[in-house]
Amino acid sequence: MRSKQIRSISSFFIKVVTVSTVFVLICSLGLNVSLPWVKEQRAYAADTNVVKVGEAVPAFSLQGIDGKQYKIGGKAKQGNEGDVAQKPVWIHFWASWCGPCQSEAPDIEELTAKYKDKLDAYGINATMYDNEQDVKAFVEKYKLTFPVLKDEQGDIFKLFRGAALPTHVFIDGNGIVKEIKIGSLSKEQLQAKLDTIVNDIK
């Protein structure tokens, strides 16, 4: 009986390791891959605790790899500086092992520098499926200068009903989500979307 239990447990761990290995391998080859919680997100498609296009982003905060706390979101409210969205916001979710994220990194750095006076850009790492050492190595390799934040529990990615990496979220100056784009984008596509939210300030 004990031997049978041991074989059963061993078989379970072998399956877990195999699935994890295949997942990371596919990502490293440059494919956009659904993360493990995607089925959960689809099952709760009518969940009211997610932000949809056309809705205001609720205020949230995350810690950056620099140790600072960053507040994002909150619909603009006249007379309350703490809640005013001063600039449009560009959020991109990524992981260090994600092939498309690696390919996009130079373009993202270039565009964040170009638009630094017109919008706020944040790279939110899917830390639940990454580790801080690799994240810092990624930032150093690509010489990223924009804030890189840690989504350690995956709550913020779920807030935007994230399903794969990379995912881009474009928010206008009023704190309203204009578009959520799953998958990698070319520099030209990214620039066009940034121009849209920058020029949409009212």
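Me: What should I know about the model before I start?
Reply: The model is predicted: local features need pLDDT of at least 70, side-chain atom pairs count only at pLDDT 80 or more, and totals for chains, interfaces and linings use all residues. Residues are numbered from 1 along each chain as its sequence is written, and side-chain values use heavy atoms, with hydrogens and water left out.

Me: How many salt bridges does the structure hold?
Reply: A salt bridge is a side-chain nitrogen of Lys or Arg within 4 Å of a carboxyl oxygen of Asp or Glu. The structure holds five.

Me: Which residue forms a salt bridge with Lys87?
Reply: Asp120 does, with the closest N and O atoms 3.9 Å apart. Lys87 lies in the loop between strand 3 (69-72) and strand 4 (89-94), and Asp120 lies in strand 5 (residues 120-125), so the pair ties together parts 33 residues apart in sequence.

Me: Which residues are linked in a network of salt bridges?
Reply: Glu132, Lys136 and Lys150 are. Lys136 meets Glu132 at 3.5 Å, N to O. These two are four residues apart in helix 4 (residues 132-142), about one helical turn. Glu132 also pairs with Lys150, at 3.4 Å between the closest N and O atoms. That pair links distant parts of the chain, 18 residues apart, with Lys150 in strand 6 (residues 148-150).

Me: Is Lys150 buried or exposed?
Reply: Buried means under 20% relative accessible area, exposed over 50%, partly exposed in between (1.4 Å probe, protein chains only). Lys150 is buried, at 10%. Lys136 is partly exposed, at 40%. Glu132 is partly exposed too, at 30%.
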